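The stops below are given in the order in which they may be selected.

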Amino acid sequence: MRPLLGVVALVTLVSLVSPGLACPAPCSCSTKKNGRLLAECAYRELRDVPRGLSPNVTILTLSANRLGRLGRASLAEAPELQSLWLGYNHISTVEPGAFAALPHLKNLDLSHNRLADFPWQDLRNLSALQILKLSNNRLAAVPRGALAGLRELRSLWLNDNELATLARGTFEGLPALAQLQLFHNPFNCSCKLFWLKEWAHGTSVVLSRAGSTLCAAPARLRGRPVTDIPGALCVPPSAQLTYLSGPAAAGPRDGPTLTLHCSVAGSPPPEIRWQIRTAARRVDIHGPTVARDGGAKAGRQRFLAFKNGTMAIPDFGKEDEGTYTCLAVNDVGTRDVSVNVALAGSANPAEELPRDDPQAGHAGGHSCAKGDELDPSGMGEKLVIVYRMSGQAWNGAGAREFRLGILPLALGLLLW
């Protein structure tokens, strides 16, 4: 009886410790000196992640197999993983969530696979990640903000992919980043990528093989290092805002027409946008609201934005008082210039609008990188007062009648 009890006790003991020693048949497992459990499954001709991994395994090597995909639950048995090596497989698909349940992961190697896409959203849960290798795949894009939150990331390999461009700020918010590999990608060195040149020149991050990080397009820059894009081709936008108002029409309800004109420059030519902030509304206008035939587009009759940068607000009233901002936007950055507009009653058409101190500098406008939020504290420091007058008062002063109400009632003011 005693020998039988001994056997039962031994079986019970093995069953208690076996989860920590569990090892799939194709793999070999061992405990490292630092106490970490290693599952060595490389070079096994595996087509799937083996089942039966210990929940305590911290290092899993699956390199040089024939894995074709990773399912959402492929790594669910190993939530304590710190290092995962998956290089030199045939992986073309990784389901979202495959890595999301590995919060301790520090090293992830998916190099030399066939990935055209990657579950970038999984990185939000990998705040401990230090090394990310995605080189030698087929990735054509890194989404904006995909790497945000990886404050421990030290080494990032994106070389030998199909990246033609990268969103501004892709590598910002990575304080620990020390090494970056981008070579052997078909970069289109348009001004959308100019930020990378500026970032590379101003960062302490080592851009490995920078001389092999070359432009594939346009033709005139083919073979030239990305870090050597000519600055003359990419000029941040500048903007000037002038404003003027015309007299009211003869009708008792008709107010003056306020006309703003935004002159912009830069390379490539900037797009003009408008932001209007009044007490009752917030309006964002991207592009003209007036059609080619001169008619207002549907739903845009109140604020008339023309292709040449002119904004007209006919019958300007108290409800239109507020801050009017012109934004000049191109691939290099954004420039904004603003003015506060108020309405006052007057019967004296000769009275001038207040002038700004010419020595006051560039108040009312500032530059920002493309995609940055505008700083409301820097907007609307210039004040325009639009004087409301009846058509009779204007004509009674001996002036000619202006049918369009566009000629200036006051001197135009340039805002930088």
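Select Cys-262 and Cys-326 and display their side chains: a disulfide (a pair of cysteine sulfur atoms within 2.5 Å) joins them, with an S to S distance of 1.8 Å. Cys-262 belongs to strand E15 (residues 257-267) and Cys-326 to strand E20 (residues 322-329), so this pair ties together parts that are 64 residues apart in sequence. Helices (H or I, at least four residues) and strands (E, at least two) are DSSP runs, numbered from the N terminus. The link is left-handed, with -75 degrees about the S-S bond. Both Cys-262 and Cys-326 are buried; buried means under 20% relative accessible area, exposed over 50%, and partly exposed in between (1.4 Å probe, protein chains only).

This is a predicted model, in which local features need pLDDT of at least 70, side-chain atom pairs count only at pLDDT 80 or more, and totals for chains, interfaces and linings use all residues. Residues are numbered from 1 along each chain as its sequence is written, and side-chain values use heavy atoms, with hydrogens and water left out.

Next, select Cys-27 and Cys-41, whose sulfur atoms are 2.0 Å apart in a disulfide. Cys-27 is found in the loop between helix H1 (2-21) and strand E1 (28-31), and Cys-41 in the loop between strand E2 (37-40) and strand E3 (57-61), so the bond ties together parts 14 residues apart in sequence. A torsion of about 110 degrees about the S-S bond makes this disulfide right-handed. Cys-27 and Cys-41 are both buried.

Then move to Cys-23 and Cys-29, also joined by a disulfide, S to S 2.0 Å. Here the torsion about the S-S bond is about 80 degrees, so the link is right-handed. Cys-23 is partly exposed at 30% relative accessible area, and Cys-29 is partly exposed at 31%. The count of disulfides comes to 5; with the bonded cysteines of the protein chain numbered in sequence order, the pairing is 1-3, 2-4, 5-7, 6-8, 9-10.

Now select Asn-137, in the loop between strand E8 (131-133) and strand E9 (155-157). Is Asn-137 buried or exposed? Asn-137 is buried, with a relative accessible area of 7%. A polar atom of its side chain lies 2.9 Å from the backbone nitrogen of Leu-115.

Finally, colour the chain by pLDDT, the predictor's confidence in each residue, from 0 to 100. The mean pLDDT of the protein chain is 80, and 73% of its residues reach 70 or more.

Methods
A polar contact is a pair of N or O atoms within 3.5 Å; within protein, one must be able to donate a hydrogen and the other to accept it, and residues adjacent in sequence count only if both atoms are side-chain atoms.
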